[in-house]
Amino acid sequence: LYIKHLKDVLEDLDKEIEIAESNIPFLKLLVDPCFAIGTLETADDFCSQLIYVMHIIRFIGQDSNYLNKDESITKLFLYLSNEIVACCMRGIDIDRILAGAPRYGIEVCRMKINCCESYKIIYEEMLEHFKGEFTWNLDYAAIFNRINAFLQRLNDILEICDAMLIFGKYAESTAYTSYRFFCNNAEEFERRCDQVEKIFHNALETIESVGSTILDINNKDWYRYIGEFREMLKSLDDIIENLLSNVFLMSENMEEKLNVLVTLLNFYKRENIRESFMRKIGEVWSMLNDEIMQLSKDISAGITEYPALLPPHAGRYAVLKMRFDHLTHLRTLIVNCRFFPEYPQQEEVLALYEACEKQVKAALKGFSESWNKSITTDMASWYQRNLICRSNLRPGLFEVNIERRLLVLFDEAYYFKTLGVNVPMSLDLEKHENTRLTFDNVLRLVLYFNGVVSSISDKERLFFKPMIQQTERKLEPLRSKLTWEEDLSEFIEGYVVNVRELLDLIELYKRENHKISSLVERIYAMIFVRLEQQHPVNMAQLMNSVAEQKKTVFTELLEVLTEVSKNIFTVYDSLGSNIRKMGTIWEQYLHKIDKLLKAAIFTCTLNTLRGVQTSLENAHSSPILMIEILLKKEGAVYEPSVEAVEQTLRCLQEEVCLTIRPVPSMARRYQLDNGELSFYLQLLEHPDYIQITKSIDETINDTVRLLRTYQSKWNVFRPFWCVDKAAFIERFKLTAMTSDAFQKNIEKFEELQNQLSTQGDFVVCRSVEIDALKLKY
């Protein structure tokens, strides 16, 4: 191996010491100025200091014997670049930025970027300025490699800060609220926005976890993290763009669409969303343009529609004014959105609005002038009319006798005045207010009277005719004397009281009739006699039960009839002296009530008879009467007899009918008997009664027949109780009967005895149960 001689090494060391001793004074010139770069606060001071340091480097390159080479000057500038990067890094608090201070991050990063860019500009300008003095060939890439890498990291931080302001709603001085939409499916869209915000926060937490690598330009892992962050931002851009389109589709009017744009305005800063956002702004301006064009066309064609509750001229005026006010409201909304980006055609739309405004003012003036021309001069005669008149279309009722054109005319005046239009001096609005008050009072009175009269039927109007005529006489001054020029405020209540008296009488009449109807319904549900015993009873018990039931139900019936009579008397007493004027109408009223009572009494009586018929037919196998069959001298006989049973059963029908015999009609109670038969006698002639009684008679006859048939069956067994045993034995001894004949007689009696044992202990014949125990045993 070749090793330099010690002498040569020493010579090299001496030379290097000489070079170092020559360079040190020049390098010391850079120490303090470079240190001062990190202490400067303003951009101007920074630029001045950089110029100063570069002049020092230029001086070194000019006067130094060893540092005047291109390589050495390049290293000096590289040292300056490293010093600038280090100073800038010390002024950036990454943790504070990622913790929620994006505006601070933007401010500090832009300042550092300006410093680096200023350094590059000053460097290029210095070389350009002194290119005649120096022939340096410096390595530009080597000098600014770290500066460019640092600038890229600063731009990455700016991108993150912008995303924090847009997606994360981070702002130190701005109070962000939640997303709020006012269209259909608003909650779904708001949840989608919250989801976007959540996705961004998750990605930001990842960036925050690797925040220490952002400014480390030697760390290559940062490129992977920022790439994933940019992919996430791109996906969020797609979500917001689709959300903007969907919300716009669901928004039904311009106000809702403007709300969408204002709510999502923050995303306009994203370049990928900006085009879609501008299209939506264009749609809103187009909607305003369409509204203006439609209103202009409608004015040209003529406004013909108006609300039904408004008069014609004022109605069309109000419709046009409301439409233009709405158009103005829309224009104000969109113009006040000054924070929106400018739309190219918005000046044309605003100019079109101004032209439409002139057209609307001309049309409104035309409506006002047209109404002024329609005002007639012959209004004095309209006030000379009487207040009410009889109705031609609805006989028996009244109408307000006012000139309808007067109401329409002053309604027009009222609404025109409300809309801010000057009303002609010929219209006395104060006088009209009095007329309007009178009209309202008279209308209230007429509607009150007509409502009272219309609440009763035509037949009931005949009943209340004297009372209605009496009320009409009290209202006669309104129909023949008073006019619309007079003030009725002091007298109208008196007329209302007169009508109220008629109403009270009618309501009392209806109330008492309703009570009568309810009482009559109670009669319909009554049953005089119910033959529904669990076990058959003897004849005395049956008749006692019938008598007790009759007494209870008849007492209830009398109570009901007494209440009906009280209700009728209440109506009678309320009519007072008008009874004499009603003539036969009062009698007809009582006869109608008698018809109701007769129908109810007949119904409950016939229902009772049908129940008796069912019990006698024993349709449910439950007999009501118990009798015995006994052995007496004359043979098998009933106790009580068949004739007594027949008489008792027929008595049931008579007992039911006799229940209503003492019931009088209401006409008789009020001494208005017109010769009609009593309820009892009318019932005896009723077809249903005749049919039911006929059926009951047939059932009783059939029951008697079955009883006699059953009695005759016991005659077969007469030998058991008619033969004298001792006499029979004596006769038998005198006979010469063979054993065969004797055996036949024994078999005959055994057969007869078997037949007797098979006879039932209790036998039912329709509604009568026969007890044969005493006869059988």
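Predicted model: local features only at pLDDT ≥ 70, side-chain atom pairs only at ≥ 80, totals over all residues.
1. Three helices, α15 (458–463), α18 (492–524) and α21, each supply at least two residues of its lining. Which helix gives the most to that lining? It's α21, with six residues.

2. How big is this pocket, and who sits around it? The volume of the largest pocket is about 340 Å³. There are 15 lining residues, and Glu460, Tyr509, Gln588, Tyr589 and Lys592 are the closest to the centre. Sorted by class, the lining has eight nonpolar, four polar and three charged residues.

3. Stay with helix α21 (residues 584–617) for a moment, and look at Thr605, which is found in it. Is Thr605 buried or exposed? Buried counts as under 20% relative accessible area, and Thr605 has 0%, so it is buried. The side chain of Thr605 reaches the backbone oxygen of Ile601 at 2.7 Å. If you skip residues up to four places away in sequence, Thr605 touches Phe528, Val656, Ile660 and Leu683.

4. Now jump to Val642, which belongs to helix α22 (residues 642–658). Val642 has a relative accessible area of 5%, so this one is buried too. Which residues does Val642 contact, leaving aside neighbours within four places in sequence? They are Val704, Leu707 and Arg708.

5. Next, the nonpolar cores. The largest one has 119 residues, and the members touching the most other members are Phe77, Leu80, Tyr119, Phe167, Phe200 and Phe229. Helix α6 (residues 140–167) provides the largest share of this core, 15 residues.

6. Not counting residues up to four places away in sequence, Phe229 touches Ile160, Ala163, Phe200, Ala203 and Ile207. There's also a second, separate core of 101 residues, and its members include Leu387, Val400, Cys604 and Phe679.

How values were computed:
Residues numbered from 1 in each chain as written. Heavy atoms only, no water. Helix = DSSP H or I, 4+ residues; strand = E, 2+ residues; numbered from the N terminus. Buried < 20%, exposed > 50% of the residue type's maximum accessible area, 1.4 Å probe, protein only. Contact = heavy atoms within 4.5 Å. Core = buried A, V, L, I, M, F, W, Y, C linked by side-chain atoms within 4.5 Å. Polar contact = N/O pair within 3.5 Å; in protein donor to acceptor, adjacent residues only side chain to side chain. 1 Å grid on protein atoms, 1.4 Å probe; cavity = no way out; pocket = protein on both sides within 12 Å on 5 of 7 lines; lining within 4 Å. Points joined across faces, edges and corners; volume = space filled by probe spheres on them. Nonpolar A, V, L, I, M, F, W, Y, C, P; charged D, E, K, R; others polar.
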